[in-house]
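Good morning, and thank you for coming. Please keep the model on the screen in view while I speak.

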Amino acid sequence: MFRLACFLLISASLAVGQTDWPHFRGPLFTGEAPEANPPVEWSETRNLRWKTELPGLGHSSPIVWGDQIFLTSAIPVGDPLPEPKFSGREGAHNNLPITHRQRFVVLSVDRQSGELLWETQVNEALPHEGGHETGSLASASIVTDGERVYAFFGSYGLFCLDLDGRVIWTANFGAMHSKHGHGEGASPLVANDFVIVNWDHEEDSSLSAFDRRTGELQWQTKRDEKTSWASPIAAKVDGKMQVIVSGTKAVRGYDLETGDVIWECGPLSANVVASPLYQDGVVYAMSSYTFQAGFAVRISDGAKGDLSGSDRVLWRRTRRTPYIPTPLLTDGVLYFLAHYQGVLSRVVAETGEEATGPFRIPGMREVYASPVAAKGRLYFVDRSGATLVLSSDPEPKPLALNQLDDRFSATPALSGDMLILRGERHLYGIQAAD
């Protein structure tokens with residue numbers, strides 16, 4: 001019942017339809033699409049409605065509004081540099097060299113046909129950091145309010161476009177310097193009249209709110225944090241909207257109108273990638289890098305200040321928490337992978353109880369994409385091109401292991417009866433044949 005209420009609330013504020021996936025974690029910020037019914041089985045020759053070649057490289061997840069799919073990419077342009085360059089950041093390792101200038105583009109693809117509707121270049125620049133060897137220069141996912149789309153390329157700008165690809169406004173932040181030079185990737189958030197950007201890096205970190213119509217800065221709050229890749233989410237708590245953002249020291253709730261910190265709870269590990277989740281007055285936050293950490297904290301009924309040692313913390317765990325993929329929350333159960341490998345935990349969200357599992361799930365070895373859910377089914381995408389579909393039973397059962405000829409780091413989108421997968425070379429529309 002609460003899932004439906006949340007869906008109706010978000011649908012009312014954004015006029016979300018049954019095919020819409022406006023944010024990389026979907027309409028509820030939890031990874032679930034309550035109205036979707038994607039296929040269970042597919043391949044390069046089965047239940048493949050279309051397959052579209054993509055320019056450049058990007059790990060941004062596709063989002064969907066109506067019959068438009070939006071995503072970003074970075075495309076090398078011009079002659080290569082005489083010598084490849086590296087960022088030179090302290091502790092840099094396993095990074096890509098900088099070899100070319102890049103065109104930063106926003107793409108729109110037709111949901112029905114897979115046809116590229118438009119491509120808009122929003123910037124061209126020589127990157128100052130190449131990022132991790134498994135990353136990309138277009139890793140932050142677009143977000144939409146149904147009227148415009150908002151694309152964030154970190155150091156290379158925040159851009160508002162209309163649905164026909166015309167740039168309406170831009171905002172620039174200067175150069176971000178990520179830990180080890182590993183790159184940028186936190187996605188923006190649209191909440192009420194604001195576009196929210198998390199700018200956590202090795203120098204002055206902040207959370208900023210822009211007027212979604214004009215691009216004017218409304219507030220900016222300093223964050224006592226270093227690099228994170230966690231995307232902010234929005235929640236209506238005690239009748240007021242909050243922005244919730246994870247960081248190494250704490251996950252925090254901010255007043256949407258003012259940017260003031262309302263509450264915080266920690267700690268999480270360094271290099272936070274997984275975004276928080278919210279449902280029924282409770283925030284769930286997890287990380288795994290220097291150590292494993294995860295907890296549930298009740299923020300409804302007037303939570304304020306540091307909640308870390310209070311009885312508002314419902315449970316904590318220090319094992320098998322995720323590093324890169326954000327957990328999935330569906331039907332009162334949290335699903336998450338250990339670090340980014342194929343060991344699945346199934347935890348009752350309210351109590352933290354793990355009555356069954358953990359489960360070693362087949363075909364999953366290196367998972368960057370966050371899991372998604374629909375119709376009691378769970379979808380996990382491996383970088384090898386495999387997608388495992390599991391039942392949501394207390395003892396999850398493999399329903400299918402599907403293979404495509406690409407590599408996948410982006411979180412999939414669920415849209416009606418379609419699963420949309422963004423690979424390194426192609427965008428796939430997966431739909432059961434009539």
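I63 stands opposite F70 in strand β3. Strands here are DSSP runs of E with at least two residues, numbered from the N terminus. This is a predicted model, in which local features need pLDDT of at least 70 and side-chain atom pairs count only at pLDDT 80 or more, while totals for chains, interfaces and linings use all residues. Residues are numbered from 1 along each chain as its sequence is written, and side-chain values use heavy atoms, with hydrogens and water left out.

Strand β2, residues 63-65, pairs with β3 in the antiparallel sense over 3 bridges; two strands count as paired if DSSP finds at least two bridges between them. The hairpin of β2 and β3 has 2 residues between its strands, and G66 there takes a positive phi near 60°. β3 also pairs with strand β4, residues 101-110, in the antiparallel sense over 10 bridges. In that pairing, A74 has F104 of β4 as its bridge partner.

Let us turn to another sheet. An open sheet of 4 strands runs in the order β10-β11-β12-β13 with antiparallel pairing. β10 (189-191) and β13 (217-223) are the edge strands, each with a single partner, so one side of each is left without a neighbour in the sheet. β10 pairs with β11, residues 194-199, over 3 bridges, and A191 stands opposite F194 in β11.

The largest nonpolar core has 33 residues, and I196, I244, W263, V297 and I299 have the most contacts inside it. Such a core is a set of buried Ala, Val, Leu, Ile, Met, Phe, Trp, Tyr and Cys residues joined through side-chain atoms within 4.5 Å. Strand β14, residues 233-237, gives the largest share of this core, 4 residues. A second, separate core of 30 residues includes L54, V105, L404 and Y428.

What do the contacts of I196 include? Among them are P188, L189, L207 and W219, leaving aside residues up to four places away in sequence; contact means heavy atoms within 4.5 Å.

Conventions
Buried means under 20% relative accessible area, exposed over 50%, partly exposed in between (1.4 Å probe, protein chains only).
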